[in-house]
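Let's take a walk through this protein chain together.

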Amino acid sequence: MVRLNKIYTRTGDDGTTGLVSGPRRAKCDLRVEAYGTVDEANALVGLARLHTDGTPDLDAMLMRIQNDLFDLGADLATPDTGETLDHEPLRIAAAQVARIEGEIDRLNADLEPLRSFVLPAGSPASAALHVARTVARRAERQIVALAAGEIVSRDAIAYINRLSDFLFVAARWANDKGRSDVLWVPGKNR
């Protein structure tokens, strides 16, 4: 159970932050950057939800994703060092990856086939979901870079990869199921 009685502790005034497992890392450490960017993506998903009224299924999917992103942040904030911890660390599970894949398939089944790349535009919900998608892609790049030097679970990497796919499909779905997509026209303004 998480309990936050005091918001400021002054322990980060030296430019470090504590990981779940205890060690301190610089606030610019790649692990901290990765879970910080996951947090940023989560905030943007929350912002996108402000525009999904009238689509309760999509909003429910996005709410589940927000919870998953906290799980992912906890996973990343608890490095797997092979040492025994005094608690079971929260990790992204394969079932979370499978669920988001199912939701991608469910939304994608309603979409018009793509004829061109989609510009990040259209409805407010679609535009907000595209912003969240680009931040999820940045988080993915950071997590993959982290995995090059430290242990990161395959499920965590798979989840963040599927998340940007989900957000792309959801953005199209929010554009009247793809009918209101704004398509890229190569060389249009030459």
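Let's begin at K177, which is partly exposed, with a relative accessible area of 29%. Here, buried means under 20% relative accessible area, exposed means over 50%, and partly exposed is in between, using a 1.4 Å probe and protein chains only. You'll find K177 in the segment after helix 5. Its backbone has a positive phi of about 55°, although K177 is not a glycine. D176 lies in the segment after helix 5 and counts as partly exposed, at 39% relative accessibility.

Before going further, a word on where all this comes from. This is a predicted model, in which local features need pLDDT of at least 70 and side-chain atom pairs count only at pLDDT 80 or more, while totals for chains, interfaces and linings use all residues. Residues are numbered from 1 along each chain as its sequence is written, and side-chain values use heavy atoms, with hydrogens and water left out.

Now zoom out. The chain has five helices and two strands, and from the N terminus on the order is β-β-α-α-α-α-α. Helices (H or I, at least four residues) and strands (E, at least two) are DSSP runs, numbered from the N terminus. Along its principal axes, the C-alpha trace spans about 55 × 40 × 30 Å. Of the 190 residues in the chain, 39% are buried.

What holds the middle of our tour is the nonpolar core. Such a core is a set of buried Ala, Val, Leu, Ile, Met, Phe, Trp, Tyr and Cys residues joined through side-chain atoms within 4.5 Å. The largest one here has 42 residues, and L72, L76, Y159, L163, F166 and L167 have the most contacts inside it. Helix 1 (30-49), helix 2 (56-76), helix 3, helix 4 and helix 5 each give two or more residues to this core. Helix 5 gives the most, with eleven residues. In soluble globular proteins, nonpolar side chains tend to be buried together. Take L76 as an example: leaving aside residues up to four places away in sequence, L76 touches R31, A34, Y35, V38, I143, L146 and V152.

Is E103 buried or exposed? E103 is buried, with a relative accessible area of 6%. This residue sits in helix 3 and touches M61, R64 and F166, not counting residues up to four places away in sequence.

Our last stop is an aromatic pair, and a search of the whole structure finds one. F117 and W184 form this pair, which is tilted, at 5.7 Å centre to centre and 50° between the planes. Rings of Phe, Tyr and Trp (its six-membered ring) pair if their centres lie within 6.5 Å; planes under 30 degrees apart count as stacked, over 60 as edge-to-face and the rest as tilted. The pair links distant parts of the chain, 67 residues apart: F117 is in the loop between helix 3 (94-108) and helix 4 (124-147), and W184 is in the segment after helix 5 (154-174). F117 counts as exposed, at 60% relative accessibility, whereas W184 is partly exposed, at 40%.

How values were computed:
Contact means heavy atoms within 4.5 Å.
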